[in-house]
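Please look at the sequence and the model shown here, and keep them at hand while reading the report that follows.

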Amino acid sequence: MPTPSISEYSLGSTPKHATNFNIAVSGAKFAAGLSVYFYGPGCANGCLQPSAGVVVNNPNPVSGSISISNVQLGSGSYYFRVMNPGGYWSGNSTSFSVQ
């Protein structure tokens, strides 16, 4: 299984505490069945996004995309990582703030 990479992402709206928001992610080597983990306040060891909220739109090894929906986090600064099946991790995304 390949190691995924995150090149950029965009937030569907300004993230607010306890309110669902979406993230569109561009990168490479995203595999079906991947997992997304968020890190920040209350998630020091990673909080797994439910699989129903993660869609691999394009599993292309060169240029892929995923959609993360119904993300709900507390206030603070967060980043996320993607893990392909088999334990292959991306690097950290840049951080974003939840109001």
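## Aromatic pairs

Rings of Phe, Tyr and Trp (for Trp, its six-membered ring) are said to pair if their centres lie within 6.5 Å, and a pair counts as stacked when the planes are under 30 degrees apart, as edge-to-face when they are over 60 degrees apart, and as tilted in the remaining cases. By this rule the structure holds eight aromatic pairs. This is a predicted model, in which local features need pLDDT of at least 70 and side-chain atom pairs count only at pLDDT 80 or more, while totals for chains, interfaces and linings use all residues. Residues are numbered from 1 along each chain as its sequence is written, and side-chain values use heavy atoms, with hydrogens and water left out.

A pair of aromatic rings is described by the distance of the centres and the angle of the planes. For Tyr9 and Phe80 the ring centres are 5.2 Å apart and the planes stand at 70°, so this pair is edge-to-face. Strands (E, at least two residues) are DSSP runs, numbered from the N terminus. Tyr9 belongs to strand 1 (residues 5-11) and Phe80 to strand 7 (residues 76-84), so their pair ties together parts that are 71 residues apart in sequence. A residue is called buried under 20% relative accessible area, exposed over 50%, and partly exposed in between (1.4 Å probe, protein chains only). Tyr9 counts as buried because its relative accessibility is 19%, and Phe80 is buried with a relative accessible area of 0%.

Tyr9 also forms an edge-to-face aromatic pair with Phe96, with 6.1 Å from centre to centre and 70° between the planes. Because Tyr9 lies in strand 1 and Phe96 in strand 9 (residues 96-98), this pair ties together parts that are 87 residues apart in sequence. Phe96 counts as buried at 5% relative accessibility. Ring pairs link Tyr9, Phe80 and Phe96 with Phe21, Phe38 and Tyr78 into a cluster.

## The nonpolar core

In soluble globular proteins, nonpolar side chains tend to be buried together. A nonpolar core is here a set of buried Ala, Val, Leu, Ile, Met, Phe, Trp, Tyr and Cys residues joined through side-chain atoms within 4.5 Å. The largest such core has 18 residues, and those with the most contacts inside it are Ile23, Val36, Phe38, Ile68, Phe80 and Phe96. At least two residues of this core are supplied by each of strand 2, strand 3 (35-39), strand 6, strand 7 and strand 9.

Contact means heavy atoms within 4.5 Å. When neighbours within four places in sequence are left aside, the residues in contact with Phe96 include Tyr9, Leu11, Pro15, Phe21, Ile23, Phe38 and Phe80.

Which order do the strands of the open sheet have? The four strands of this open sheet follow the order 1-2-6-5, with antiparallel pairing, where two strands are taken to pair if DSSP finds at least two bridges between them. Strand 1 and strand 5 stand at the edges with a single partner strand each, so one side of each is left without a neighbour in the sheet. Neighbouring strands of this sheet are turned by 25° against each other on average, direction ignored; the axes are lines fitted to C-alpha atoms, for helices over the stretch in contact, and angles run from 0 to 180 degrees between N-to-C directions.

Strand 2 and strand 6 (residues 64-71) are antiparallel and joined over six bridges, and the bridge partner of Val25 in strand 6 is Ile66. Strand 5 and strand 6 are antiparallel over four bridges, with Val55 opposite Ser67 in strand 6. Ala24 lies in strand 2 (residues 21-28) and counts as partly exposed at 39% relative accessibility. Not counting residues up to four places away in sequence, Ala24 touches Glu8, Tyr9, Ser10 and Ile66.

A disulfide is a covalent bond between the sulfur atoms of two cysteines. With the rule that the two cysteine sulfur atoms lie within 2.5 Å, the count comes to one disulfide. Cys43 and Cys47 form this disulfide, with their sulfur atoms 2.0 Å apart, and the torsion about their S-S bond is about -95°, so the disulfide is left-handed. Cys43 counts as buried at 7% relative accessibility, whereas Cys47 is partly exposed with a relative accessible area of 25%.

Gln49 lies in the loop between strand 4 (47-48) and strand 5 (54-58), and Gln49 counts as buried at 8% relative accessibility.
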